[in-house]
Amino acid sequence: VEINQPIRIFATPGEYEPATFLIYTTKELKDVKLGLSTDLIKGRNEIRKDNVDIRILKRWYQAGSENMVTNTPILVPEILLKNDNLVSLDHDKQRNILNFKGLPDDSAKLLPFNVPAYTNKQIWMIVNVPAGTLPGLYKAEIEVKPEGIQSSRIPLEVEVLPIDLIRPKVNYT
């Protein structure tokens, strides 16, 4: 297992900040469990780990994108899921298989997932820095634990800046 560097982000109190990383493997990883092993810590201060929302950035087949139209479907990273099995891919027919009836009902927590050999899985997370969080460097580790293989830990560093953002005049939703 090779970890190139820590995941580093910065944010202000009251801000949500996204980050992403890839898990790449040369041999199949089964039932991968992923999550923070502890809260983000800075001395006696903390950002609770339930303020870090982790999801899989699922690739699925689309007809093209806004600047490219094609008759051949292409894989587009587009859906944030906690249950990677909600959508499967048929690579031979280049189509999506929806594994649900009616509206999709994603899981409340990140479920174990597989990573086939010589592929990658993109992980997306959003860190919510609560209002009133003291400035400084908060640290934790993301544990990546495949079934039957030793787990790995990816350092996560969140620099909380000593400023408050001005509330926007317009609410964009």
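Modeller: One cut-off comes first: a residue counts as buried when its relative accessible area is under 20%, as exposed when that area is over 50%, and as partly exposed in between. Keep in mind that this is a predicted model.

Start with Lys82. Its relative accessible area is 9%, so Lys82 is buried. Its side chain forms a salt bridge with that of Asp53, at 2.7 Å from N to O. This pair ties together distant parts of the chain. Asp53 sits in strand β6, residues 52-65. Lys82 lies in the loop between β7 (68-81) and β8. The two are 29 residues apart.

Asp53 has another partner. The side chains of Asp53 and Arg55 also meet in a salt bridge, here at 2.9 Å from N to O. Is Asp53 buried or partly exposed? With a relative accessible area of 25%, Asp53 is partly exposed. Arg55 is partly exposed as well, with a relative accessible area of 25%.

Now join the pairs up. Through shared partners, salt bridges link Asp53, Arg55, Lys82 and Asp106 into one network. The whole structure holds 10 salt bridges.

Another of these pairs is Asp50 with Arg48. Their side chains meet at 3.2 Å, N to O. Asp50 has a relative accessible area of 55%, so Asp50 is exposed. Arg48 is partly exposed, at 46%.

Next, go to strand β8, residues 87-90, where Asp90 is found. Its relative accessibility is 19%, so Asp90 counts as buried. A polar atom of the Asp90 side chain lies 3.0 Å from the backbone nitrogen of Lys93. Beyond its neighbours within four places in sequence, Asp90 contacts Tyr61, Arg95 and Ile97.

Last, some strand pairing elsewhere in the chain. Strand β13, residues 152-160, runs parallel to β1, residues 7-11, and five bridges join them. Ile9 stands opposite Val158 of β13. Strand β12, residues 136-145, is antiparallel to β13, with nine bridges between them. β12 and β13 form a hairpin, with six residues between the two strands. Gly148, in the turn, has a positive phi of about 75°.

To return to your request: the network takes in Asp53, Arg55, Lys82 and Asp106. Within it, Lys82 is buried, while Asp53 is partly exposed.

Definitions and conventions:
Residues are numbered from 1 along each chain as its sequence is written. This is a predicted model: local features need pLDDT of at least 70, side-chain atom pairs count only at pLDDT 80 or more; totals for chains, interfaces and linings use all residues. Side-chain values use heavy atoms; hydrogens and water are left out. Helices (H or I, at least four residues) and strands (E, at least two) are DSSP runs, numbered from the N terminus. Buried means under 20% relative accessible area, exposed over 50%, partly exposed in between (1.4 Å probe, protein chains only). A polar contact is a pair of N or O atoms within 3.5 Å; within protein, one must be able to donate a hydrogen and the other to accept it, and residues adjacent in sequence count only if both atoms are side-chain atoms. Contact means heavy atoms within 4.5 Å. Two strands pair if DSSP finds at least two bridges between them. A salt bridge is a side-chain nitrogen of Lys or Arg within 4 Å of a carboxyl oxygen of Asp or Glu.
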